[in-house]
Structure formats: C-alpha cells, structure tokens
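Here is a short tour of one model, to be read with the structure open beside you. Please have a look at it first.

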Amino acid sequence: MSHALAVFVSGTGRHLENFARLAAAGELDARVALALADREGIAALERAARFDVPTEVLDPERALDPTAFSERAFAAVEASGAELVALAGFLRKLVVPTRFAGRVLNIHPSLLPAFGGKGWWGDRVHRGVLERGCQFSGCSVHYVDDEYDHGPILLQRCVPVRADDTVEALAARVFEAELEAYPAALRVHFARARAQPPPP
Ligand code: GRF
C-alpha cells in the first residue's frame with residue numbers, strides 16, 4: 001500500500017524532488033499527493049509541476065496568523081488524501097491540529113537540540129557549528145509540535161566537520177546526509193504506523 005504524503009515548501013524543493021523521484025522509482029512506498037507552498041514563484045513549485053505533484057499556494061500575502069494559516073493548510077492536506085506531512089524547507093510557523101499529532105515531520109540541518117529553534121535556519125546553522133568548533137554536525141528528522149525544531153526525534157545522521165570547512169562545504173555535506181535521512185525516516189514512520197494502526 002502506498003502512503004500519501006503532503007510536502008510543505010518555502011524554497012528550492014530539493015527534498016520534494018527527492019521524494020517524488022524515489023516514489024517514482026519504487027524506492028519509497030509513497031506518492032506525493034500535495035506540495036503546499038506559502039510563497040509564489042519559488043523553485044519548489046516548478047519542481048512539483050515537473051513531477052506532476054498537485055500544488056497549492058496558501059496566503060502568499062501573509063495575511064493569516066499561524067492558527068488560521070494552519071487550519072487552511074491541514075484542510076488542504078485532508079482534501080488531498082495525504083496521511084503524513086513532511087516539512088521541507090518550510091519557514092512558516094504552524095500550529096499542528098490535534099488530529100495531526102504524530103503525523104507531521106520536519107528535517108533540520110543540525111544535530112538537534114543543538115543549533116535549533118527560532119532563527120536557526122539555513123547557513124546560520126552551519127556558521128554556528130563552525131564558530132563553536134564542533135567536530136560533528138548532521139541532520140535531524142523530528143516530529144513537529146508547536147515549538148520550532150522541538151518535537152521527538154525520529155532519526156539523525158552525523159557528518160564530520162573538517163578543519164578547513166567553509167559554511168558552503170559543510171552545508172553541502174549535511175545536505176547529502178539529508179537526502180538519505182529524510183526518506184529513511186519516512187520508512188521508519190511507515191513501519192511504525194503499520195505496527196500500530198490507528199484506532200477505528
Ligand atoms: C534543508 O537544509 C533542510 O534541512 C531545511 O531546509 C532545507 C531544504 O531545502 N529545513 P529544500 O527546499 O528541500 O531544497
């Protein structure tokens with residue numbers, strides 16, 4: 001049985017494309033049923049179109065507060081038939097409705113809880129890791145709750161930090177790990193869901 005997935009995006013959509021490619025190749029037991037964006041004109045929407053993933057752009061004018069935005073976003077997820085939401089470079093604050101608890105995942109480019117939380121995103125994360133002199137970094141896939149980068153961790157991957165690393169070099173190494181980690185985390189989630197079906 002293939003699982004229906006909604007992917008929330010604000011930027012380039014590399015994870016969205018990775019999911020769509022793996023699903024098409026039969027390497028991920030899923031289909032991307034929706035790409036939901038909070039901005040117009042982003043590369044993620046072009047990638048979605050290339051892979052025939054239905055798209056929806058919600059509140060690009062930023063008129064809605066997090067609760068109102070989330071209500072509409074999760075209604076769109078339900079309408080798409082998706083059972084799981086993967087945030088992938090999605091920068092807007094969400095309020096996860098109770099009915100979606102344990103069904104929203106995020107990937108963050110550090111070993112949480114280090115270098116996570118409000119303001120820790122993009123190159124700032126890798127700069128922080130280098131400035132602190134960390135010898136390892138990595139990525140974390142975690143369940144989403146109402147705090148940034150906070151919910152239970154599902155899976156992590158570690159990468160070394162090299163003495164001569166630049167922000168760009170470290171970001172690229174972490175992202176390579178992310179491309180393997182996020183699908184791996186989805187597989188773990190699906191296996192857990194199979195082992196523990198929701199009550200009727
Ligand atoms: C990744 O670095 C991820 O860790 C962070 O956003 C980036 C994903 O970007 N949350 P993309 O839009 O999938 O290319």
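Predicted model: local features only at pLDDT ≥ 70, side-chain atom pairs only at ≥ 80, totals over all residues.

Residues are numbered from 1 along each chain as its sequence is written, and side-chain values use heavy atoms, without hydrogens and water.

Let's begin with helix α1 (residues 14-24) and helix α5 (residues 167-195), whose axes are 10 Å apart and which pack at an angle of about 55°. Helices here are DSSP runs (H or I, at least four residues), and strands are runs of E of at least two, numbered from the N terminus. The crossing of α1 and α5 is right-handed. In α1, Arg14, His15, Asn18, Phe19 and Leu22 meet residues of α5 including Phe175, Glu178 and Tyr182, where contact means heavy atoms within 4.5 Å.

Around the ligand (a heavy atom within 4 Å) we find Arg14, His15 and Glu178 among others.

| Backbone atom of | Ligand atom | Distance |
|---|---|---|
| glycine 13 | oxygen | 2.8 Å |
| histidine 15 | oxygen | 3.0 Å |
| isoleucine 107 | nitrogen | 2.9 Å |

Now to the backbone. Most residues other than glycine have a negative phi, and most peptide bonds are trans. The bond from leucine 112 to proline 113 is cis, with omega near 10°, and proline 113 sits in the loop between β5 (104-108) and α4 (123-132). Aspartate 59 has a positive phi, near 50°, in the loop between β3 (55-57) and α3 (66-80).

Technical notes:
Axes fitted to C-alpha atoms, helices over the stretch in contact; angles between N-to-C directions. Left-handed = near helix turned anticlockwise from the far one by under 90°. Polar contact = N/O pair within 3.5 Å; in protein donor to acceptor, adjacent residues only side chain to side chain.
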